[in-house]
Amino acid sequence: MITRSIAAALGLAVLLSGPGARAEAPDYKGFRVCTKCHDAQGDSWKKTAHARAFESLMAGAKADAKRKAGLDPAADYTADANCVGCHATGHGKPGGYRIGMEADEARVLAGVGCESCHGPGGRYRDLHGAASDRLKSAGDTSPRAPLAEAGQNFDYEQACAACHLNFPGSGWAAAKPPHSPFTPRLDAKYTHDFRRAVLAGDRNNPVHLHFRLRGVFKGDPLPAIRGEVQAGAREAED
Ligand code: HEC
Ligand code: HEC
Ligand code: HEC
Ligand code: HEC
């Protein structure tokens, strides 16, 4: 068998890290690797219901809502596979949340973190820093396509749908169990409205406040909603 170092010496690195490596799913890393550079979004996200979503699974939390949904308010749902998929980050995927994992590791994956919407960061996070350096040192912008190839998600509607529209009759074709117990049939306030949520623009933005991008990346896949989001974005303080 050819080891990676021998392959590299033979100039086969491109082959081995090419299509084969891409088939392997990138790892989830937890929110802290992102907030290291994106602390403005991190501070805002921490105040959202998404950041605290795991706590809702604890015994006694949100008792009225649970009762209304036919759940047991006294039960601990934090180790229930029917719940953690939507209340933690990357459950059951490489590097993602695992039931029974060490509390220390779990801390950065409990709740709906950055990677629940932006995709597992194991490969694309390094590209962000490198591209920023390239802009600073050579004035060059970088193509966005390699980010998508490295696992960054730009189809936010689909990401939201996987949790918010995962119930029968939602109109989302990919719905499959375990379904969300909190649907518009239970209460109209659980109706999912992507645009209203992402463009909320105020302190109650359920995603996070949006900050002006410098334009380090260019080209497709540019999210359709980017222009509108950036039009209302604020300057990040350095
Ligand atoms: C080493 C620093 C660094 C790390 C780590 C990092 N980023 Fe970034 N990220 C950047 C920079 C710099 C940009 C370009 C910002 C700009 O254009 O002004 C960027 C851009 C982005 C963008 C916009 C990309 C686009 O389409 O233009 C998103 C979304 C993003 N980062 C999310 C994340 C997430 C989620 C993580 C964690 C998995 C992460 N970043 C980790 C530095 C980083
Ligand atoms: C991994 C699953 C998951 C993803 C992905 C996800 N959400 Fe959520 N969302 C939740 C959960 C769980 C809650 C409830 C949190 C709680 O109170 O425990 C929630 C709550 C919300 C709320 C209510 C917030 C509040 O303050 O009451 C809105 C609005 C929302 N999400 C919008 C979105 C949008 C828009 C997207 C996509 C850009 C998205 N969500 C992606 C799981 C998800
Ligand atoms: C398919 C994804 C999904 C699964 C599975 C799921 N949830 Fe949720 N849960 C959500 C979403 C999305 C919301 C937010 C709904 C909203 O505010 O619009 C939510 C909200 C909640 C809330 C807060 C409701 C409120 O009114 O504040 C509780 C509590 C909760 N879920 C508990 C659970 C429990 C317990 C389980 C397992 C039995 C579970 N969830 C399984 C997606 C899911
Ligand atoms: C519930 C989904 C969701 C979560 C969780 C989330 N984001 Fe975002 N994020 C979005 C959406 C939607 C946009 C706006 C679309 C765009 O411009 O790409 C966005 C935009 C961004 C941008 C572009 C600049 C801006 O402020 O709009 C960065 C950088 C970013 N997110 C980083 C993060 C980091 C870091 C975290 C975790 C601390 C995080 N996001 C958590 C959905 C999410």
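Which residues are the closest to ligand 3, and how many surround it? In this predicted model, 22 residues surround ligand 3, with Ala65, Cys83, Cys86, Asn166 and Ser180 the closest; a residue belongs to such a shell if its C-beta atom, placed from the backbone, lies within 6 Å of the ligand. Two or more residues each are given to this shell by α6, α7 (84–87) and α12 (156–164), and the largest share, three residues, comes from α7. Helices here are DSSP runs of H or I with at least four residues, and strands are runs of E with at least two, numbered from the N terminus. By class, the shell around ligand 3 holds eleven nonpolar, eight polar and three charged residues, where Ala, Val, Leu, Ile, Met, Phe, Trp, Tyr, Cys and Pro count as nonpolar, Asp, Glu, Lys and Arg as charged, and the others, Gly among them, as polar.

Residues are numbered from 1 along each chain as its sequence is written, while chains are lettered from A and ligands numbered from 1 in the order in which they are written. Local features need a pLDDT of at least 70 and side-chain atom pairs count only at pLDDT 80 or more, whereas totals for chains, interfaces and linings use all residues.

Ligand 2 is surrounded by 20 residues, and Ser56, Cys160, Cys163, Ala197 and Pro206 are the closest. The elements giving two or more residues to this shell are α7, α9, α12 and α13 (194–198). Helix α12 provides the largest share, six residues. The shell around ligand 2 has 15 nonpolar and five polar residues, and no charged ones.

Around ligand 4 there are 26 residues, of which Cys34, His38, Cys114, Cys117 and His210 come nearest. Two or more residues each come from α4 (32–35), α5 (39–45), α9 (114–118) and α14 (226–231), and α9 gives the largest share, four residues. This shell divides into 15 nonpolar, ten polar and one charged residue.

The protein as a whole has 14 helices and two strands. Of its 238 residues, 22% count as buried, that is, with 20 or more other C-beta atoms within 10 Å of their own; 12 or fewer make a residue exposed, and values in between partly exposed, with C-beta atoms placed from the backbone. Among contacts with a separation of 6 or more, 61% join residues 24 or more positions apart, a contact being a pair of C-beta atoms, placed from the backbone, within 7 Å.

Two loop positions illustrate such pairings along the chain. Pro94, in the loop between α7 and α8 (103–106), is exposed because 12 other C-beta atoms lie within 10 Å. Beyond its neighbours within four places in sequence, Pro94 is in contact with Ala25, Asp27 and Tyr28; the C-alpha atoms of Pro94 and Tyr28 are 6.4 Å apart, although 66 residues separate the two in sequence. Lys46 lies in the loop between α5 and α6 (63–68) and counts as partly exposed, with 14 C-beta neighbours inside 10 Å. The C-alpha atoms of Lys46 and His208 are separated by 8.4 Å, at a distance of 162 residues along the chain.

The average pLDDT, the predictor's confidence in each residue from 0 to 100, is 91 for the protein, and 90% of the residues score at least 70. Over residues 1–21 the pLDDT is below 50, and this stretch has seven contacts beyond near neighbours in sequence. Where pLDDT is low, predicted coordinates should not be read in detail.
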